[in-house]
Amino acid sequence: MKILGIETSCDETGIAIYDPAAGLVAEALFSQSDTHARYGGVVPELACRDHIARSAPLLCQVVADAGLTLEDLDAIAYTAGPGLVGALMVGGSLAASLAFGLGIPALPVHHMEAHLLAAMLEEDAPDFPFLALLVSGGHTLLVRAQRLGTYVTVGNTLDDAAGEAFDKVARMLALPYPGGAALAELAAAGDPESFDFPRPMKNRGLDFSFSGLKTAVRLKLESETARGAASGMNGSLHANIAASFQAAVVDTLVHKSMQAMAMTGLDRLVVAGGVGANKELRHRLTAAGKQQGFRVYYPRPAYCTDNGAMIAYAGWCHHGTVTPGVPSILARPRWSLDELALRR
Ligand code: KG4
Ligand code: ZN
């Protein structure tokens, strides 16, 4: 069985083929970050146009790289949401029309479920049930994953997502968009204890809030820049701000994950989404697991950020649950993971 996956929910065009007997057969990714960098964030119209230009050629390349033809495919999985509606429509239209032409099913995939399943592409894969910490550019979620397709959100962000906070602080530090990875790199050269930024909502349940932290960083950056300019010493200010900000986010994510593990009584934690690639977060969570007696599973960093492989794999997990017939295009810009259980 060969399942093609198409990811176009935001600013990456990702295509991959998954074969349960052979694993990932081929994959390709195109990141639009250069297009959006000059605007400091994703411009939805430009994202759509780029997906239109890239998705079909990238798909043909992946099929050829796998040594296959389109007729060898058994199903086409695509990201149906959440995400930018126009970008979702591009991938959905390609998937549904190709599936219709080939007489095979089109499988709509929930982007956050695909993130959560990505850890299962690794050799040391987690079994259900587990707790998932999903930290991406648009979401910060703690989810109790009971079984495939049954998820209960136990913690959510009240404002900015963790990745969004990384990107906004990176912008303040004049790092290019998307700034998460660049900020983490800069942080490695700074002292995480140089500024004592707030650990938002630390002792208030499992929800998150990162907008106050972002404001605290902006105010500190402004005052320290003015002070440094007056004394002629700004030196490693940006690296110290980056390190102290990262420490505050990581502390908060680790603290809430430990609380959630204790509250749910689960012994497996799966971390996924772009911020899941953060080395400091991985290091601290693994240590927390050792201390509290739970195991932590991560996809490799390239499968933490958006990619086609996780969509193809999620399609495989759900194949057989789709009713045959003419494929329709599902595009849901807002879509909670908890709603998936209602489909079953
Ligand atoms: O999962 P993802 O690729 O896209 C969404 O579904 O949103 O996550 C992208 C986010 C961006 O905010 C990016 O800055 C952040 O993940 N990110 C990181 C790192 N790598 C990517 N944040 C912190 N440290 C990293 N190493
Ligand atoms: Zn994502």
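**Residues and a helix pair**

Mentor: Aspartate 19 is buried, at a relative accessible area of 8%. Keep in mind that this is a predicted model.

Trainee: Which side chain forms a polar contact with aspartate 19?

Mentor: Aspartate 19 belongs to strand β2, residues 12-19. Leaving out residues up to four places away in sequence, aspartate 19 touches Met1, Lys2 and Val25. One of these is joined to aspartate 19 by a side-chain polar contact of 3.5 Å, and that partner is lysine 2.

Trainee: Is glutamate 27 buried, partly exposed or exposed?

Mentor: Glutamate 27 sits in strand β3, residues 23-31. Buried would require under 20% relative accessible area and exposed over 50%. The value for glutamate 27 is 39%, so the residue is partly exposed.

Trainee: Which residue's side chain makes a polar contact with that of glutamate 27?

Mentor: Neighbours within four places in sequence aside, glutamate 27 is in contact with Ile15, Ala16, Val62, Tyr303 and Ala309. A side-chain polar contact of 2.6 Å links glutamate 27 to one of them, tyrosine 303.

Trainee: How far apart in space are glutamate 27 and arginine 171?

Mentor: Along the sequence, 144 residues separate glutamate 27 from arginine 171. From C-alpha to C-alpha, glutamate 27 and arginine 171 are apart by 31 Å.

Trainee: Why does tyrosine 313 count as buried?

Mentor: Tyrosine 313 is in helix α11, residues 309-318. Apart from residues up to four places away in sequence, tyrosine 313 touches Tyr18, Leu117, Met120 and Leu121. The cut-off for buried is under 20%. Tyrosine 313 counts as buried because its relative accessibility is 10%.

Trainee: How are the axes of α6 and α8 oriented?

Mentor: Helix α6 covers residues 180-187 and helix α8 residues 237-264. Their axes come within 7 Å and cross at roughly 110°. Angles of 65 to 115 degrees count as roughly perpendicular, so α6 is to α8 roughly perpendicular.

Trainee: What handedness does the crossing of α6 and α8 have?

Mentor: Two packed helices are described by the angle and the distance between their axes. The crossing of α6 and α8 is left-handed.

Trainee: How many charged residues are in the contact of α6 with α8?

Mentor: On the α6 side are Leu183, Ala184, Leu186 and Ala187; they meet His238, Ala239, Ala242, Ala243, Phe245 and Gln246 in α8. By class, the contact has eight nonpolar and two polar residues, and the number of charged residues is no charged residues.

Definitions and conventions. Residues are numbered from 1 along each chain as its sequence is written. Chains are lettered from A and ligands numbered from 1 in the order in which they are written. This is a predicted model: local features need pLDDT of at least 70, side-chain atom pairs count only at pLDDT 80 or more; totals for chains, interfaces and linings use all residues. Side-chain values use heavy atoms; hydrogens and water are left out. Axes are lines fitted to C-alpha atoms, for helices over the stretch in contact, and angles run from 0 to 180 degrees between N-to-C directions. Helices (H or I, at least four residues) and strands (E, at least two) are DSSP runs, numbered from the N terminus. Angles under 35 degrees count as roughly parallel, over 145 as roughly antiparallel, 65 to 115 as roughly perpendicular and the rest as oblique. A crossing is left-handed if the near helix is turned anticlockwise from the far one by less than a right angle, and right-handed if clockwise. Contact means heavy atoms within 4.5 Å. Ala, Val, Leu, Ile, Met, Phe, Trp, Tyr, Cys and Pro count as nonpolar, Asp, Glu, Lys and Arg as charged, and the others, Gly among them, as polar. Buried means under 20% relative accessible area, exposed over 50%, partly exposed in between (1.4 Å probe, protein chains only). A polar contact is a pair of N or O atoms within 3.5 Å; within protein, one must be able to donate a hydrogen and the other to accept it, and residues adjacent in sequence count only if both atoms are side-chain atoms.
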